[in-house]
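This briefing is for a reader who is new to the structure shown below.

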Amino acid sequence: MRAADAIVKALEKEGVKHIFGIPGGAIIEVYDALFDSEIRHILTRHEQAAVHAADGYARATGKTGVAFATSGPGATNTVTGIATAYMDSSPVVVMTGQVARSLIGNDAFQEADIAGITMPITKHNYLVTDEKQLLKIIKEAFHIASTGRPGPVLIDLPKDVTLADIEFDYPEKVDLMGYKPKYVGHPRQIKRAAELIMQAERPVIMAGGGVILSNATEELTKLAETIPAYVVTSLMGKGAIPETHPLSLGFVGMHGAKYANYAVQESDLIIAVGIRFSDRSTGRLSSFAPYAKVIHIDVDPAEIGKNVRVDVPIVGDAKLILRELIRFIQYKQRKEWEEKVEGWRKAYPLRYRKDDERVKPQYVIEKIYELQPDAIVTTEVGQNQMWAAQYFKVHYPRQFITSGGLGTMGFGFPAAMGAKVAFPEKTVVDIAGDGSFLMNIQELATCVDFGIAVKVVILNNMFLGMVRQWQELFYDERYSATCLRCKEMSFEKIAEGFGAIGMTVERPSEVEDTLKEAFEIDDAPVIMDFRVDRLENVYPMVPAGAALNEIIDKEV
Amino acid sequence: MRHTIAVLVENKPGVLARVAGLFRRRGFNIESLAVGTTEREDLSRMTIVVSGDDFVLEQVMKQLNKLIEVIKVSDVSKNSVERELVLIKVAANPQNRGEIIEIASIFRGRIVDVARDSFVIEVTGDEDKINAFIDLMRQYGIKEVARTGKISMQRGSKALQV
Ligand SMILES: Cc1ncc(C[n+]2csc(CCOP(=O)(O)OP(=O)(O)O)c2C)c(N)n1
């Protein structure tokens, strides 16, 4: 069998239903084989978007996303997508074409050492040098991408390999000497954790993306209720507990609610689950949760003790460990702590100044939430992302999809496409900034072409808003290179030019009706350009390098 | 502080680049690195000397373990036999030849090449011994030094195996 056909057959065996990508000379054989397959290929208009879409697909479903690109520039275009997936532990398999083996190393036309380039941003990668290894490699790639701590895996396919004649003997099992993720937590450590929890007076659970990846939201919520303990999440952890739950304090960190940050700082026990204590979540590490002991549950042993000193480390799968842990916990009321936290919650709610004249970005998001609380929400990066995180209350896992670790502008739109392809019946909204949306705007063509009816809500401040906010607060309002002077530019017309639907909103009174109208449309992509208050800032804010309780806020 | 770690890896192309890349990316310092095959042809063994405190050591070991092609990582800083081999080309003349041969023999070195005006001497030992020997050779004029980097093996019956 032609290796290219074997590749497609292997993908079918892996249960792949959708592939995002762009063909080219080096991968043309594989595309030829794909022509006869049931697998639906979505031709994106940029390879970066193909990987983001596969990533969004993976985050929405939990299944491994797949992207294709050709050699050279096609492959290098995938780099940002791969790095984004890597930082957020998303299972993605990227297959790239490569020049023929005999040409590798000769600087042949469209040759790039993509395996070398992506070494530090993939969980693992392969250059297939022997066609007899091809199927084993594909099997391994899917296994590695989706197990343990998930992540992207790249397979580089020299053109002559895809042409080779091979036997289709797809392996059933994977046996990797050096890769055996540990899932079951150490029983003694779990008991020790339970003891600490029972002794704690001010316990706080910090939940990260690992809870979502391990499908442990039910267990996490149950643990919170059993203790009881308040729950804060990282940006990636949104959805680990319904944010409408009385024990949820939303997300923690730079733009988390004050009550979330105060709770962490005052707690005497942090129960960290699938969270890696990034600087955006912890603030200045030396002042982080000074009174707290720390229990850290993570499937990746390297995360434990990397940033925060840990008293009880538990390596393994969050779901399995939490299930065990709950068995040792008895409910214990902690009245004083509860009153304290509820006091903060009441005193320091998330808020913004309402306005009848200018559209407040927070208001737009509140309205989206009101109208479509079950929508899958993706975000771009910047203020839009933080407002979305603050004002859209996530209530189920995989509902909120954002580039947390890498902070990739341009991620949200193609990620929304991926989510929509996975769940055509669901409303999928990309909450965007004008700057970010421009970074993958070409995907409007893909959406129109394939009838991917995503909604894009542009909170258009004609600024690189988040950078401008930093310049306002920390650089004496010296707005160096952050103004996107585009008054004349119309996203509505751009959308129409692509064959999508465009809408422009300038007044608060039009917000709700426009959203309603847009949400009624389910056969075409809709781009809504909300001309928002240009100088609105995201508050509260913990400046970079400050402690979590050193918060800047503004009177409302 | 310096630590010596032994790393058992799959004998595949690219593994060395992966390990070296990891050290660079995470900001760990490699002082020496030696690679060779093992009792199994599908496995190689690296001996890496890193500098850093215990925290760095722990991170190095954990991050190495995450590489798919890394099979085992072990801290062999303590209770181990350590060896390094050096080849030194040293200038020699009729006046000092005897002296050099004598010093080499005290270090159990071997003269592996003799030319009219130089020797190549091979010495094996731990780092201190090799440093001492190199120091002693300086007075005669060292032309070239090549060191293998340290390899290390724990004493006793415990073995680094799959
Ligand atoms: C690809 C990329 N380039 C640059 C940045 C740095 N950056 C972070 S936020 C931001 C501004 C984003 O502007 P916009 O998309 O308009 O969103 P806003 O903050 O205005 O909501 C920039 C430039 C980034 N995160 N990603």
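In this predicted model, chain B is divided into domain 1, residues 2-78, and domain 2, residues 81-151. The centres of these two domains of chain B, taken over C-alpha atoms, are 29 Å apart.

**Between the two domains of chain B**

- Nine residues of domain 1 of chain B are in contact with six residues of domain 2 of chain B.
- Together the two domains of chain B bury about 470 Å², with carbon and sulfur atoms accounting for 44% of that area.
- On the domain 1 side, the residues that lose the most area to domain 2 of chain B are B:Arg2, B:Ala34 and B:Thr47, which together make up 54% of what that side buries.
- One salt bridge is found across this interface. It joins the side chains of B:Arg2 and B:Glu127, with 3.1 Å from N to O.
- Two residue pairs are in polar contact between domain 1 and domain 2 of chain B.
- Three strands of chain B, E1 (2-10), E2 (29-37) and E3 (43-51), each supply at least two residues of the domain 1 side that touches domain 2.
- Strand E2 of chain B gives the most to that side, with three residues.
- By type, the residues of the domain 1 side comprise four nonpolar, four polar and one charged.

**Between chain A and chain B**

- The contact between the chains takes 18 residues from chain A and 21 residues from chain B.
- About 1600 Å² is buried between chain A and chain B, and carbon and sulfur atoms give 56% of this area.
- In chain A, the residues that lose the most area to chain B are A:Met119, A:His124 and A:Met177, together 35% of what the chain A side buries.
- Chain A and chain B share one salt bridge. The side chains of A:Asp300 and B:Lys66 meet in a salt bridge, at 2.5 Å from N to O.
- Six residue pairs are in polar contact between chain A and chain B.
- The side of chain A that touches chain B consists of ten nonpolar, four polar and four charged residues.

**A:Gln48 in chain A**

- A:Gln48 is found in helix H3 of chain A, which covers residues 47-61.
- A:Gln48 counts as buried because its relative accessibility is 13%, and buried means under 20%.
- Apart from neighbours within four places in sequence, A:Gln48 is in contact with A:Asn77, A:Thr80, A:Gly81, A:Thr408, A:Met409 and A:Asn440.

Methods
Residues are numbered from 1 along each chain as its sequence is written. Chains are lettered from A and ligands numbered from 1 in the order in which they are written. This is a predicted model: local features need pLDDT of at least 70, side-chain atom pairs count only at pLDDT 80 or more; totals for chains, interfaces and linings use all residues. Side-chain values use heavy atoms; hydrogens and water are left out. Domain bounds come from an automatic or database domain assignment. Contact means heavy atoms within 4.5 Å. Buried area is the accessible area (1.4 Å probe) that two parts lose on being put together, summed over both. A salt bridge is a side-chain nitrogen of Lys or Arg within 4 Å of a carboxyl oxygen of Asp or Glu. A polar contact is a pair of N or O atoms within 3.5 Å; within protein, one must be able to donate a hydrogen and the other to accept it, and residues adjacent in sequence count only if both atoms are side-chain atoms. Helices (H or I, at least four residues) and strands (E, at least two) are DSSP runs, numbered from the N terminus. Ala, Val, Leu, Ile, Met, Phe, Trp, Tyr, Cys and Pro count as nonpolar, Asp, Glu, Lys and Arg as charged, and the others, Gly among them, as polar. Buried means under 20% relative accessible area, exposed over 50%, partly exposed in between (1.4 Å probe, protein chains only).
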